[in-house]
Amino acid sequence: MNLGFFKEFMPYGLLSVIVLVIFYGIYYTKMLIQKRQGIKTKQIGSRKEKKLHTVETLMAIATYLIVIVEVLSIVFNYNLMPNNGRINGIVIGLCGDCVFLFAIICMKDSWRAGIPEKDQTKLVTNGIYKVSRNPAFLGFDLVYIGILVTYFNPVNLICTLFAIVMLHLQMLQEEKYMEATFGEQYLEYKKQVFRYFGRRNKNSI
């Protein structure tokens, strides 16, 4: 089979939708499960510190906006990426789905969207958290980048960069919260595991 012909007629729109459906399916299924357990998952904006509230508000806007832009890019087939590169976007997006799923599974009932004001959660350092301090954020980024590569256009590029920057700023706020909440235990974990991916040594946490 001619590989170029195969890439030319790949159903990129359908595959991109599958990537997004899997990702948000995981997200909202987890929220529904926690809701039935009496756990409020989405706590973005629940804390009133000005800087944190601003970051979380902008992050929420960015993550809603990027979905709209991604869907419109797919619907109108707005893409400037050569077909030879687009399949890489699907692979990156599916990797993001897997990373996010593993993060949610390992977090169990401690997962929250946003920084909780009163909820007591546990410090999770097992599973995928042995190689990433923030795998859920990494999953978001990989999905966004995957769709961007598959449907590359200026609007999608700007919105993807905006979303990734805001997620990073939110991540920094959450790490400050983790330091204040878990103290030396988190600082020791932070010394061994990189923010996005990687470890400084092979010892178990």
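This briefing covers a helix pair, a nonpolar surface patch and the salt bridges of the structure. The model is predicted. In it, helix 6 (residues 154–182) and helix 7 (residues 184–192) have axes that come within 6 Å of each other and cross at roughly 130°, while a search of the whole structure finds 4 salt bridges.

**Helix 6 and helix 7**
- Since angles over 145 degrees count as roughly antiparallel and 65 to 115 as roughly perpendicular, helix 6 and helix 7 are therefore oblique to each other.
- On the helix 6 side the contact involves Glu175, Met178, Glu179 and Phe182, which meet Glu184, Gln185, Tyr186, Leu187 and Lys190 in helix 7.
- The residues of this contact of helix 6 with helix 7 comprise 4 nonpolar, 1 polar and 4 charged.

**Salt bridges**
- Arg133 forms a salt bridge with Glu175, and the closest N and O atoms of the pair are 3.0 Å apart.
- Because Arg133 lies in the loop between helix 4 (83–107) and helix 5 (135–150), whereas Glu175 lies in helix 6, the pair ties together parts that are 42 residues apart in sequence.

**Nonpolar surface patch**
- Ile68, Val71, Leu72, Val75, Phe76, Tyr78, Leu80 and Val155 make a nonpolar surface patch of about 780 Å².
- Helix 3 (residues 50–75) gives the most to this patch, with 4 residues, and Ile68 has its place in helix 3.

Terms used
Residues are numbered from 1 along each chain as its sequence is written. This is a predicted model: local features need pLDDT of at least 70, side-chain atom pairs count only at pLDDT 80 or more; totals for chains, interfaces and linings use all residues. Side-chain values use heavy atoms; hydrogens and water are left out. Axes are lines fitted to C-alpha atoms, for helices over the stretch in contact, and angles run from 0 to 180 degrees between N-to-C directions. Helices (H or I, at least four residues) and strands (E, at least two) are DSSP runs, numbered from the N terminus. Angles under 35 degrees count as roughly parallel, over 145 as roughly antiparallel, 65 to 115 as roughly perpendicular and the rest as oblique. Contact means heavy atoms within 4.5 Å. Ala, Val, Leu, Ile, Met, Phe, Trp, Tyr, Cys and Pro count as nonpolar, Asp, Glu, Lys and Arg as charged, and the others, Gly among them, as polar. Patches are made of residues with over 30% relative accessible area and no salt bridge: like charges are joined within 9 Å, nonpolar side chains (Val, Leu, Ile, Met, Phe, Trp, Tyr) within 5 Å. Accessible areas come from the Shrake-Rupley method with a 1.4 Å probe; for residues, only the protein chains shown count as cover. A salt bridge is a side-chain nitrogen of Lys or Arg within 4 Å of a carboxyl oxygen of Asp or Glu.
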